Amino acid sequence: MSASFLEIQPSELSFPFELLKQSSCSMQLTNKTDHYVAFKVKTTNPKQYCVRPNIGVVLPGSTCDVTVTMQAQREAPPDMQCKDKFLVQSVAAENGATTQDISAEMFNKVAGKVVEEFKLRVVYVPTTTSSAMPEDSEQGSSARPFAQENGIHNSTMPQPVFRSSAEPTKERPTEPLSMISKLNEENRVAIQQNQKLRHELELLRKESSKSSGGFSLTFLAIVGLLGIIVGYILKKT
């Protein structure tokens, strides 16, 4: 679009639209006059866009490139229609003016002062990547059943057979062990009684030999009794 101060191209801002990604476009401001022109760029949604530079001075016969960056968006608007708009204001500036000389008052509309305004609408252009995103989500969802099937398969690998095979080993007969232990105990007691009787017999023999010099009937009776007891114990063991 052309005007007395600046020629602005393109007539609308087209942004390649892709979810969760920034996108940029540019416009060219061409000064076809013989004097300096100051400009200022505004938007209806300043939080959504970044304009560099948003103010400046275009020298006679020169062009200034303005880059507009749209922030990443989490969802697409209905029918991909955007209601955002941009406004480019331009005024005549003194020769030799720089960006530092630009003030907000320069663009105030007062009597006898010309402030030109050009509106640009925003257009979203779908990209092939954004159109392929549903396919990627389908692939991601199709991988879930495969992971679940693997999980079920792995969970069924341990079999209870390994536990049941060890169970018979726990049921060991206890009666033979108790019998052997009981017999060992009786044998030990019999041996101790045998040793005690032999010791008492030896003491009686020594006392009898000291008193009479021979064996008495009492001694012989005791010896016989001990012999019977010892024989009974040895037979039992």
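Buried residues account for 26% of the 237 residues in the protein chain. The model is predicted. The protein chain exposes about 16,800 Å². Carbon and sulfur atoms supply 56% of that area. Contacts between residues at least 6 apart in sequence were also examined in the protein chain. Of these, 71% join residues at least 24 apart.

The protein chain contains 9 strands and 5 helices.

An open sheet is formed by 5 strands, in the order 2-9-8-4-6. Its pairing is mixed. The edges are held by strand 2 (13–17) and strand 6 (55–58). Each has a single partner strand, so one side of each is left without a neighbour in the sheet. Neighbouring strands of this sheet are turned against each other by 25 degrees on average, direction ignored.

Strand 4 (residues 37–43) is joined to strand 6 by 4 bridges. The two strands run antiparallel. Within this pairing, Lys-40 stands opposite Ile-55 in strand 6.

One annotated span was also examined. An unreviewed UniProt entry lists residues 180–207 as "coiled-coil region". In the model, residues 180–207 are 100% helix and 0% strand. The end C-alpha atoms of the span lie 41 Å apart.

Notes. Residues numbered from 1 in each chain as written. Predicted model: local features only at pLDDT ≥ 70, side-chain atom pairs only at ≥ 80, totals over all residues. Heavy atoms only, no water. UniProt positions renumbered as here; feature names shortened; annotations may be inferred. Buried < 20%, exposed > 50% of the residue type's maximum accessible area, 1.4 Å probe, protein only. Contact = heavy atoms within 4.5 Å. Areas by Shrake-Rupley, 256 points an atom, 1.4 Å probe, with all protein chains shown as cover. Pairing = 2+ DSSP bridges. Axes fitted to C-alpha atoms, helices over the stretch in contact; angles between N-to-C directions.
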